[in-house]
Amino acid sequence: MAGWQEVILRSFLAIVLLIASARLLFRGSLYRLGVVELVLVIFLGASLAFGVVQTSVPIAHGLIAYFVGVLAIAGILWLKQKSKVFRFMLHGTPVPVVKNGKILEDELKKERLTSDDLLYGMRRRGVFNVQDVEFAMLEPTGEIDVLLKSDQEPLKPGDLNIQKAPVKETETVIVDGKVQDEALARLGFSRDWLHEQLDSQGAIVENAFLAQVDRDGTMTMDLYDDQIKKKQPKEKQQLLASIKSCQAQLEIFSLETENKDAKLMYDRLAKKADQIRERLEPYLKS
Amino acid sequence: MTVYQQVKQNLAKWKGIEAALNDLREKTQDDECYEAYREAVLETRTISKNLTDRLVELEKEEPQYKGN
């Protein structure tokens, strides 16, 4: 076999092996890997790469190095799962670098983190002012996680006593102009229902890039052709508006009538209507 | 528009709201939503009932509007 043919064959084998090991050993991106794993992954790559081009070396040697590497990684991952002490030895623990709004210079020095690194890490979290920080941790991955002072925290709906309906997952029923029957089945809707919805928004399946259905069966979609004006579903806003207008009308009745009993009754109904509105608002607004 | 007609129109709107809420209730996948819509339907029904009673009273007070 000519040298170049062997290189092709070996490369092919190496790539298959690399893909297989990556698929089996790691989930998610390499970004979250610790330094130790990263070094071992490089070792894997290097051992295969040498084996690929050095045709004078028997193919088995490269493979042996590769399998030793795989075993080492698998062993480390397994040990990390089992033992907290091992995890600590491998990665260390998160270190607080800001406490009570004060930078811990000694910790910075110990971790060999410069003030620029600290500021950079904070800026990546959207914090530009060290004064706003109550507490910050240097994670083993080198990132800095920041807890803001309570008066600098972004406002949450709960702070204003605003009720929000719980967020529930939406189902994606059309992807790339193709109906996703499985998603439809999870929702308990039929294809007929989908076509009805599409009709009411003036579109056809082939035209829709994406269509999603929320927990109330309201469908929103994006069309391939952005020039086409589509009707957005507005039934919920309309419902809320009509409750409001009916409530206002009841109040007017109460003002206009001269019958005392009727006045009381209208007042009561207006109040009830307001309660309904309040109860439904979080669900109808989302 | 007479008072009678206005109340009647209001009643019709509430019936429409009830129907829309029923529709949402049947379509929702979420228990919490379902409960909220169900309660709202019951409340709208009470309102409709009260308004219907008021219409009967108005008919008695202003018999000329009967049947409008």
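Let's start with A:K272, which has 21% relative accessibility and so counts as partly exposed. The cut-off matters here, because buried means under 20%. Keep in mind that this is a predicted model.

Where is A:K272? The residue sits in helix α10 of chain A, residues 260–285. What does A:K272 touch, once residues up to four places away in sequence are set aside? The list is B:E43, B:T46 and B:I47. So, for this lysine, look across to chain B.

One distance to go with that. Take the C-alpha atoms of A:K272 and A:V70. They are 202 residues apart along the chain, and 68 Å separates them in the model.

Now the layout of chain A. The chain is divided into domain 1 (3–88), domain 2 (95–148), domain 3 (171–233) and domain 4 (236–285). Between the centres of domain 1 and domain 3 of chain A, taken over C-alpha atoms, there are 44 Å.

Next stop, A:S47. This serine belongs to helix α2 of chain A, residues 35–53. Buried or exposed, at 11% relative accessibility? A:S47 counts as buried. Leave aside neighbours within four places in sequence, and A:S47 contacts A:G62, A:A65 and A:Y66.

On to the strands of chain A. There is an open sheet of four strands, in the order β2-β1-β3-β4, with antiparallel pairing. Which strands stand at the edges? They are β2 (102–103) and β4 (144–148) of chain A. Each has a single partner strand, so one side of each is left without a neighbour in the sheet.

Stay at the β2 end for a moment. Strand β1 of chain A, residues 95–99, runs antiparallel to β2(A), and two bridges join the two strands. A:K99 has A:K102 in β2(A) as its bridge partner. Packed on this sheet is helix α6 of chain A, residues 115–124. Helix α6 touches β1, β2, β3 (133–138) and β4 of chain A. The helix direction makes about 65° with that of β4(A).

A reminder as you look at any strand here. In a regular strand, side chains alternate between the two faces of the sheet.

Now strand β5 of chain A, residues 171–175. One partner is strand β7 of chain A, residues 208–213. That pairing is antiparallel, over four bridges. Within it, A:T172 stands opposite A:Q212. Strand β6 of chain A, residues 178–179, also pairs with β5(A) in the antiparallel sense, over two bridges. There, A:I174 stands opposite A:V179. How many residues lie between β5(A) and β6(A) in their hairpin? Two, and A:D176 in the turn has a positive phi of about 50°.

Last, chain B. The tally is two helices and zero strands. The C-alpha trace spans about 50 × 15 × 15 Å along its principal axes. The radius of gyration is 15 Å, whereas a compact globule of 68 residues would be near 11 Å. Of those 68 residues, 44% count as buried. Chain B exposes about 3,600 Å², and carbon and sulfur atoms supply 50% of that area.

And the contacts within chain B? Count those between residues at least 6 apart in sequence. Of these, 64% join residues at least 24 apart.

To close, back to where we began. On the chain B side, B:E43, B:T46 and B:I47 are the residues that A:K272 touches, with the sequence neighbours left out.

Terms used. Residues numbered from 1 in each chain as written. Chains lettered and ligands numbered in written order. Predicted model: local features only at pLDDT ≥ 70, side-chain atom pairs only at ≥ 80, totals over all residues. Heavy atoms only, no water. Pairing = 2+ DSSP bridges. Contact = heavy atoms within 4.5 Å. Axes fitted to C-alpha atoms, helices over the stretch in contact; angles between N-to-C directions. Buried < 20%, exposed > 50% of the residue type's maximum accessible area, 1.4 Å probe, protein only. Rg over C-alpha atoms; globule rule 2.2 N^0.38 Å. Areas by Shrake-Rupley, 256 points an atom, 1.4 Å probe, with all protein chains shown as cover. Domains from an automatic or database assignment.
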